[in-house]
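Please keep the sequence and the model in view while reading.

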Amino acid sequence: MTEIVVYEVDKPVTPRSSTGPTKSGERRVRKVHMAPAAPGSRTTAGPRTLCGKDTFAMETARWTPSEEPGAPWYPAEYASVVCQECAAVIEV
């Protein structure tokens with residue numbers, strides 16, 4: 001089975017005066033999830049993540065899990081927001 005990394009994101013951020021490097025329309029990743037691929041596809045996430053959330057409003061990551069044994073399934077920069085329920089399913 002092929003799994004796809006998907007991002008649960010906030011609504012687009014409106015840029016503020018000089019509070020940071022936020023770009024117009026940038027969306028902050030709230031959680032990183034894993035979803036099985038949709039039937040007949042290797043690039044489209046199925047309707048639910050491994051933890052059961054709807055993937056409809058989620059964004060598909062451009063990043064794919066490494067084929068290296070022991071490597072994380074999520075991008076390192078999002079380690080702090082990995083869905084622990086999806087991670088638990090993957091570890092089984």
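Which residues are linked in a network of salt bridges? The network is made up of E8, D10, R28 and R30, where a salt bridge is a side-chain nitrogen of Lys or Arg within 4 Å of a carboxyl oxygen of Asp or Glu. The model is predicted, and for this reason local features need pLDDT of at least 70 and side-chain atom pairs count only at pLDDT 80 or more, whereas totals for chains, interfaces and linings use all residues. Residues are numbered from 1 along each chain as its sequence is written, and side-chain values use heavy atoms, with hydrogens and water left out.

**The salt bridges**

| Salt bridge | N to O distance |
|---|---|
| R30 and E8 | 2.6 Å |
| D10 and R28 | 2.7 Å |
| R30 and D10 | 3.5 Å |

The salt bridge between R30 and E8, with its closest N and O atoms 2.6 Å apart, joins strand 2 (residues 29–36), where R30 lies, to strand 1 (residues 3–9), where E8 lies, so the pair ties together parts that are 22 residues apart in sequence. Strands, like helices, are DSSP runs numbered from the N terminus, a strand (E) having at least two residues and a helix (H or I) at least four. R30 is partly exposed, at a relative accessible area of 38%, whereas E8, at 12%, counts as buried; here buried means under 20% relative accessible area, exposed means over 50%, and partly exposed is in between, computed with a 1.4 Å probe on protein chains only.

In the salt bridge of D10 with R28, the N to O distance is 2.7 Å. Both D10 and R28 lie in the loop between strand 1 and strand 2, so this pair ties together parts that are 18 residues apart in sequence. D10 counts as buried, with a relative accessibility of 18%. D10 also forms a salt bridge with R30, and there the closest N and O atoms are 3.5 Å apart. This pair links distant parts of the chain, with R30 in strand 2 and D10 in the loop between strand 1 and strand 2, 20 residues apart.

**Surroundings of R28 and E8**

What does R28 contact once its neighbours within four places in sequence are left aside? R28 is in contact with E8, V9 and D10, contact meaning heavy atoms within 4.5 Å. The C-alpha atoms of R28 and E8 are separated by 8.6 Å, and the two residues are 20 residues apart along the chain.

E8, for its part, touches R28, V29, R30, K31, H33, K53 and M58 when residues up to four places away in sequence are not counted. The side chains of E8 and H33 are joined by a polar contact of 2.7 Å, a polar contact being a pair of N or O atoms within 3.5 Å, of which, within protein, one must be able to donate a hydrogen and the other to accept it, while residues adjacent in sequence count only if both atoms are side-chain atoms.

Three strands form an open sheet in the order 2-1-3, with antiparallel pairing, and two strands are taken to pair if DSSP finds at least two bridges between them. Strand 2 and strand 3 (59–60) are the edge strands, each pairing on one side only. The antiparallel pairing of strand 1 with strand 3 runs over two bridges, and T60 in strand 3 is the bridge partner of V6.

**Aromatic rings and cysteines**

The structure holds two aromatic pairs, and one of these is the edge-to-face pair of W73 and Y74, at 5.4 Å centre to centre and 90° between the planes. Rings of Phe, Tyr and Trp (its six-membered ring) pair if their centres lie within 6.5 Å, and planes under 30 degrees apart count as stacked, over 60 as edge-to-face and the rest as tilted. W73 is buried at 11% relative accessibility, while Y74 is partly exposed at 21%.

How many disulfides are there? The count comes to zero, a disulfide being a pair of cysteine sulfur atoms within 2.5 Å. The sulfur of C83 is 3.7 Å from the closest cysteine sulfur, in C51, which is too far for a bond. C86 is likewise in no disulfide, and its nearest cysteine sulfur, that of C51, is 3.8 Å away. C83 counts as buried at 6% relative accessibility, and C86 counts as buried at 0%.
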